[in-house]
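Good morning, and thank you for coming. I shall present one protein chain, and I ask you to keep its sequence and structure in view as I speak.

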Amino acid sequence: MLEESESKEPAMNPFQKNESKETLFSPVSTEEVRPRPLSLPKKPPPKICGSNYPLSIAFIVVNEFCERFSYYGMKAVLTLYFLYFLHWSEDTSTSIYHAFSSLCYFTPILGAAIADSWLGKFKTIIYLSLVYVLGHVVKSLGALPIIGGQMVHTVLSLVGLSLIALGTGGIKPCVAAFGGDQFEEKHAEERTRYFSVFYLSINAGSLISTFITPMLRGDVQCFGEDCYALAFGVPGLLMVIALVVFAMGSKIYRKPPPEGNIVTQVAKCIWFAISNRFNNRSGDIPKRQHWLDWAAEKYPKQLIMDVKALTRVLFLYIPLPMFWALLDQQGSRWTLQATRMNGNLGFFVLQPDQMQVLNPLLVLIFIPLFDLVIYRLVSKCGINFSSLRKMAVGMILASLAFAVAAAVEIKINRMTSLQPGPQEIFLKALNLADDEVKVTVLGDENNTLLEESIRSFQKMPRYAQLHLKTKSQDFHFYLNYHNLSVYTKHSMEEKNWYSLIILEDGKNISSMMVKDEENKTTNGMTAVRFVNTLHKEVNISLGTDISLSVGEDYGVSAYTTVHSGEYPVVHCRTEDKDFSLNIGLLDPGTAYLFVIINSTNHDPQAWKMEDIPTNRLSIAWQLPQYALVTAGEVMFSVTGLEFSYSQAPASMKSVLQAAWLLTVAVGNIIVLVVAQFSGLVQWAEFILFSCLLLVVCLIFSIMGHYYVPIKPEDLQEPADKQIPPTQGNMINLETKKTKL
């Protein structure tokens with residue numbers, strides 16, 4: 001377990017999922033303010049079971065669990081919502097997903113400024129939680145098919161996501177810090193343990209929600225399709241609970257007043273130094289040792305020294321966004337990849353968006369494993385595994401994860417049927433006659449394009465590829481059945497799949513051409529369609545919300561998406577008879593064709609065949625890439641913040657956290673730009689990100705090689721060395737340790 005040297009700071013611990021995403025401290029002011037007493041209750045705050053833990057932290061921990069459940073649960077199904085409900089392309093879905101993620105890491109700066117300069121932490125959490133809840137309500141309404149059309153759903157979704165980003169980002173820098181404020185200084189050890197429980201609640205909320213909300217989406221049907229409204233509504237309900245629980249503890253909280261924002265003060269100091277240097281660029285003015293020394297006319301020496309130490313660390317932050325660009329694609333590109341894989345594990349069918357549960361699960365395993373086993377073994381081998389080296393290795397692991405993802409993507413493409421290109425079609429024939437039929441396809445010049453003998457109730461083993469001379473062309477078909485030859489003509493358009501269905505009517509045969517859909521299966525579901533050979537229309541019920549009608553005399557239904565699983569009894573009805581069909585096991589990712597035929601001694605039966613074979617590559621093949629990227633996250637994220645905190649003064653830690661969150665935001669913007677403008681196929685895009693991170697890792701390693709670490713004791717200011725108040729525009733800098 002990683003711990004900071006000062007007990008007043010929150011500890012690095014194995015329960016922490018990703019310090020880059022959860023705030024550990026809040027900014028403090030460098031401006032001179034009159035001391036104001038804390039709004040403490042007149043009597044000592046109640047404790048938990050006679051311990052030194054204030055009762056108020058129970059409300060805060062439950063609040064954090066519910067809020068993280070709300071955020072990660074909603075985000076888990078977001079990409080598939082864009083793709084399948086709003087019908088956006090994969091690139092647009094990826095771009096909006098990362099735009100939302102980026103906004104979630106920009107808004108904490110706004111939330112910290114509001115809390116520290118205006119409302120205080122308690123009121124900021126309350127007010128922005130209301131905004132958060134409103135965002136969930138709007139987002140859930142946007143997922144109801146009965147409300148408006150495509151434009152209404154899009155507007156509601158974007159407005160809801162904007163409100164959620166403001167809410168979750170705004171309270172991010174406040175909740176953990178507010179929990180730390182509940183402890184008295186003499187209970188620093190209990191406060192450290194509180195942060196361990198706090199981060200356990202974060203990971204528990206993330207782990208449970210990432211597993212449950214995809215099930216609410218995929219296993220529950222709303223209005224005949226996936227229930228995105230429920231998948232968004234349940235996280236919204238958890239956010240309501242989070243707000244109510246937090247408000248219940250209002251009377252027993254310690255509520256420190258706003259103290260001002262150090263981030264603003266640092267920005268002003270840097271800006272004044274730059275502008276002052278620019279205004280005094282004459283050669284007659286003596287040069288100064290450091291460019292920040294040009295702020296000495298207005299700001300105290302201690303602040304300038306702290307900002308100098310800060311800028312050394314911030315310089316190392318420049319390459320970091322590329323790592324986050326790769327890490328955050330687990331919820332976008334990797335989830336989209338999972339939709340093209342077989343989620344049937346034998347004992348459980350895994351939804352594509354449920355694969356994201358591997359990240360928090362592996363984090364809980366890897367942090368103690370690395371800290372207690374791997375790092376100690378490396379140390380015993382005499383290897384100096386410094387913090388910067390750990391971060392570089394983390395980058396390499398993430399790069400390898402995307403190389404593995406590219407290999408999986410190539411394998412998926414090889415196992416997926418080809419797509420018809422310009423002036424191409426794919427054709428197959430299905431023989432529903434009682435004997436073998438020979439099919440011959442002729443072109444415009446009577447040249448033989450295809451010749452195949454097909455037995456009764458058999459289809460061609462694969463699609464045949466035919467070339468067209470124009471975008472649309474007539475093809476001539478000769479069907480030889482017994483001693484009968486039948487001639488027919490069908491027109492077909494480029495870039496389409498077609499099925500030629502051969503029908504029997506007494507001693508004669510005929511044919512009809514049916515256009516197949518390009519995407520018959522989505523989201524790991526199963527697609528079915530029916531051919532009715534009966535002389536009466538058949539109504540088929542595939543569930544409580546799914547029913548379809550198939551016309552008489554070889555009527556063909558459209559594809560209907562259903563859940564995979566066993567269907568031993570499918571209720572059917574004609575105008576004078578009720579019967580049931582046993583269509584058996586439907587595998588996920590497969591498209592089936594069922595032919596309803598008469599049986600001499602029984603009710604009508606269904607003849608089953610695979611229209612499109614199942615996704616044969618198991619979703620378990622994504623496990624190596626998740627393991628690699630999570631190992632990289634543990635080495636990069638935990639070590640990165642630990643190193644940053646050890647290299648900057650205590651008064652600058654809130655600025656470091658703001659900069660760290662900004663690197664996450666910039667990383668998501670990188671993904672947005674690449675998704676919109678690269679134009680690469682998916683495996684090539686994975687390779688691009690992998691190579692870019694390797695290049696960035698090399699640059700970071702060079703920067704780290706020339707970086708001279710500062711010993712923590714060199715950053716401590718002697719207790720007797722206080723800075724006196726200054727006159728005029730000078731500012732009395734108040735330096736203190738804080739929590740975020």
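I begin with Arg-573, which is found in strand β18, residues 570-573; helices (H or I, at least four residues) and strands (E, at least two) are DSSP runs, numbered from the N terminus. This is a predicted model, in which local features need pLDDT of at least 70 and side-chain atom pairs count only at pLDDT 80 or more, while totals for chains, interfaces and linings use all residues. Residues are numbered from 1 along each chain as its sequence is written, and side-chain values use heavy atoms, with hydrogens and water left out.

What does Arg-573 touch, not counting residues up to four places away in sequence? It touches Glu-537, Val-538, Asn-539 and Asp-578, where contact means heavy atoms within 4.5 Å. Glu-537 is 36 residues from Arg-573 along the chain, and their C-alpha atoms are separated by 8.4 Å. With Asp-578, the side chain of Arg-573 makes a polar contact, side chain to side chain, at 3.2 Å. A polar contact is a pair of N or O atoms within 3.5 Å; within protein, one must be able to donate a hydrogen and the other to accept it, and residues adjacent in sequence count only if both atoms are side-chain atoms.

I turn next to a pair of helices. Helix α4 (residues 121-141) and helix α5 (residues 150-180) pack at an angle of about 155°, their axes lying 7 Å apart. Axes are lines fitted to C-alpha atoms, for helices over the stretch in contact, and angles run from 0 to 180 degrees between N-to-C directions. The angle makes α4 roughly antiparallel to α5, a term used for angles over 145 degrees. The residues of this contact divide into 19 nonpolar, nine polar and two charged. Here Ala, Val, Leu, Ile, Met, Phe, Trp, Tyr, Cys and Pro count as nonpolar, Asp, Glu, Lys and Arg as charged, and the others, Gly among them, as polar.

Within helix α4 we find Thr-124. Is Thr-124 buried or exposed? Thr-124 is buried, because its relative accessible area is 0%; buried means under 20%, exposed over 50% and partly exposed in between, with a 1.4 Å probe and protein chains only. Its side chain reaches the backbone oxygen of Gly-120 at 2.6 Å. Leaving out residues up to four places away in sequence, Thr-124 touches several residues, including Gly-170, Ile-171 and Cys-174.

Finally, the whole chain: it has 16 helices and 22 strands, and buried residues make up 54% of its 740 residues.

Terms used. Parallel < 35°, antiparallel > 145°, perpendicular 65-115°, else oblique.
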